[in-house]
Amino acid sequence: MMESKPIVSSFIWKFLERGAAQVFALIVQIVLARLLAPEDFGVLAVLLVFINLSNVLIQKGFATALVQKEHIEDIDINTVFWISEFIASFLYILLWCFAPLLENVYGTLHLASYLRIISISLFAGAFYSIENSLLIRSMQFKKMFFSSFAATLIAGTLAMFLAYKGMGCWALIWQNIVQQILLSAFSFPFCRWRIRIQCSKNSFLEVFRFGSSVLLAELLYTGVENLRTLIIGARYSSTDLAYYDRGQTYPSVAMRSIYDTVGSVLLPIFSREQNNTIELRRSAQKAIGFSFYLIAPCFIGFAAIAEPFTKLLLTDKWLPCVPYMRLFCVYQLGILPYCILRNILYATGKSKNSLFLEIFKSVLSLGAVVIGMLINPLAIAFFSTLAVWLATVAYGVKIHKLLHFDLKELLIDFLQIVMFCIMMIIAILIVDNLISSLVFKIVTEIITGVVVYVALSIITHSKYYTKGLNILMKSLERMRGKNLE
């Protein structure tokens with residue numbers, strides 16, 4: 001079993017890497033939302049559908065196999081690298097050729113030019129996927145923090161400058177390109193890997209056995225996630241798409257930090273415990289319960305303050321996205337246990353089981369889109385939220401058969417956390433009706449939510465609160481000991 005110290009340290013640095021970058025990205029998004037029209041974000045949402053799908057084909061599967069594989073050599077790394085760059089080249093040519101057709105379908109001026117330029121990021125993305133896998137494998141999250149934050153800082157500053165100069169959608173496009181290029185450039189010095197022109201058939205076949213199922217699973221996941229954007233963009237106006245997109249962006253930005261942190265840290269840990277069912281079960285159950293305890297109040301709390309948050313930071317022109325924000329907070333909360341459960345299957349080499357579950361999730365999500373489309377975009381968001389929770393339950397059933405969780409204990413813990421969140425929401429709503437100033441209202445509501453949640457944890461002697469406090473105190477003692485030395 002791994003020591004708790006490196007695990008805690010890895011979580012801290014990985015969360016800082018994603019958290020600091022995403023907090024700054026959130027600030028940038030808020031500034032851009034004030035500077036740009038909703039239509040600009042609607043156009044970007046359509047572009048990112050094709051970029052995200054392309055990145056799945058390029059970055060997922062084979063690069064993930066480098067993390068899961070017990071032993072790797074330079075020839076394995078270079079094989080995956082050249083395959084990834086070849087796929088990036090093929091997809092770039094494909095997108096270049098089909099860009100005018102997409103412009104006609106969506107009736108958006110300059111969409112072809114936008115897509116051809118933003119697709120340049122695919123090559124840097126292929127390069128970074130290898131670096132990212134190597135750094136995750138060696139758990140070099142401190143180094144990832146510096147490179148990620150620097151890239152986000154520079155690209156975000158550039159985007160705000162371009163938006164201020166009236167560049168419109170181009171500000172968003174260049175932000176994506178520059179950030180991807182800088183990520184790969186800043187991460188390369190930290191990787192113990194030399195690029196060589198070498199490719200091994202055996203290496204390819206070995207990573208393909210594992211990576212192909214992961215790739216298909218990720219492709220299904222991303223494809224269905226982005227299908228909603230394509231349908232809303234084609235069926236409704238760019239403004240409707242912008243409200244939908246902004247509504248899901250802010251909860252998604254927050255969860256992306258957590259999702260990447262949990263996935264990146266737990267996959268190598270679970271992989272090392274894959275042959276020890278008892279330790280894997282213990283680690284997995286703790287990870288699910290503790291992470292839900294920490295994250296649930298954050299997302300439920302954000303849903304409660306969504307309206308004053310939007311009025312203050314995004315202005316009243318974005319108020320129609322508030323219902324979407326609230327729904328997607330609940331949606332993203334279901335992604336957290338889903339992420340942990342899926343990484344257990346990846347770590348134990350059962351990527352085919354994950355693929356079957358992703359197919360099931362895709363069917364649910366497609367059904368949600370079809371039903372919701374008959375009503376309105378908000379209905380699509382509602383049924384999609386229901387679908388992701390049903391898929392998470394399906395993953396839980398599969399993992400229970402594999403590891404035999406203590407379901408009674410987990411269920412009691414989850415119900416207790418939900419009750420804490422309900423009491424927290426009631427307290428926030430009381431404060432909301434008493435205060436008129438937006439700034440004072442948001443600050444007071446956040447403080448109230450934290451105080452109520454912590455107080456309930458202390459009163460009920462929550463084991464997760466006690467464990468978290470013990471970890472924090474031990475970490476502070478270690479830091480104090482180092483300073484004394």
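At 2% relative accessibility, valine 369 counts as buried (buried is under 20% relative accessible area, exposed over 50%, partly exposed in between, with a 1.4 Å probe and protein chains only). You'll find valine 369 in helix α14, residues 351-373; helices here are DSSP runs of H or I with at least four residues, strands are runs of E with at least two, and both are numbered from the N terminus. Leaving aside residues up to four places away in sequence, valine 369 touches Arg228, Ile231 and Ile380, where a contact means heavy atoms within 4.5 Å. Valine 369 and isoleucine 380 are 11 residues apart in sequence, with their C-alpha atoms 5.3 Å apart in space.

## What kind of model this is

This is a predicted model, in which local features need pLDDT of at least 70 and side-chain atom pairs count only at pLDDT 80 or more, while totals for chains, interfaces and linings use all residues. Numbering starts from 1 along each chain as its sequence is written, and side-chain values use heavy atoms, with hydrogens and water left out.

The pLDDT is the predictor's confidence in each residue, from 0 to 100. Its mean over the protein chain is 79, and 81% of the residues reach 70 or more. Confidence is lowest in helix α1 (residues 4-35), at a mean of 63, and highest in helix α5 (residues 111-118), at 92. Over residues 1-8 the pLDDT is below 50, and this stretch has 14 contacts in the model beyond near neighbours in sequence. Where pLDDT is low, the predicted coordinates should not be read in detail.

## The chain as a whole

Helices do the work here: the protein chain has 18 of them and zero strands. Of its 485 residues, 54% count as buried. Take the contacts with a separation of 6 or more, and 84% of them are between residues 24 or more positions apart. The accessible surface comes to about 21,900 Å², and carbon and sulfur atoms own 68% of that (Shrake-Rupley method, 1.4 Å probe; for residues, only the protein chains shown count as cover).

## Serine 84, tucked into α4

Serine 84 lies in helix α4, residues 74-106. At 1% relative accessibility, serine 84 counts as buried. Its contacts, not counting residues up to four places away in sequence, are Ile58, Ala126 and Ile130.

## Salt bridges

A salt bridge here is a side-chain nitrogen of Lys or Arg within 4 Å of a carboxyl oxygen of Asp or Glu, and by this rule there are four. One of them joins glutamate 307 to lysine 311, with the closest N and O atoms 3.5 Å apart. Both residues sit in helix α12 (residues 306-314), four residues apart, or about one turn of the helix. An α-helix has 3.6 residues a turn, so residues three or four places apart point the same way. Glutamate 307 is partly exposed at 33% relative accessible area, and lysine 311 is partly exposed at 32%.

Another salt bridge brings together the side chains of aspartate 413 and lysine 463, at 3.1 Å from N to O. That pair links distant parts of the chain: aspartate 413 is in helix α16 and lysine 463 in helix α18 (residues 463-484), 50 residues apart. Aspartate 413 is buried at 8% relative accessible area, whereas lysine 463 is partly exposed at 28%. Then there's aspartate 432 with lysine 441, whose side chains meet at 3.7 Å, N to O. Here aspartate 432 is partly exposed at 24% and lysine 441 is buried at 11%.

Val418, Met419, Ile422, Met423, Ile426, Ile430 and Leu434 make a nonpolar surface patch of about 660 Å². Patches take residues with over 30% relative accessible area and no salt bridge, joining like charges within 9 Å and nonpolar side chains (Val, Leu, Ile, Met, Phe, Trp, Tyr) within 5 Å. Methionine 419 belongs to helix α16, residues 407-434, and counts as partly exposed at 48% relative accessibility.

## α17, end to end

Helix α17 runs over residues 438-459, and at 1.5 Å a residue its 22 residues should span 32 Å; the end C-alpha atoms are 31 Å apart, which agrees. (The expected span is 1.5 Å times one less than the number of residues.) Among the buried residues of α17 are Lys441, Ile442, Tyr453 and Leu456. After α17 comes histidine 461, with a positive phi near 55 degrees.
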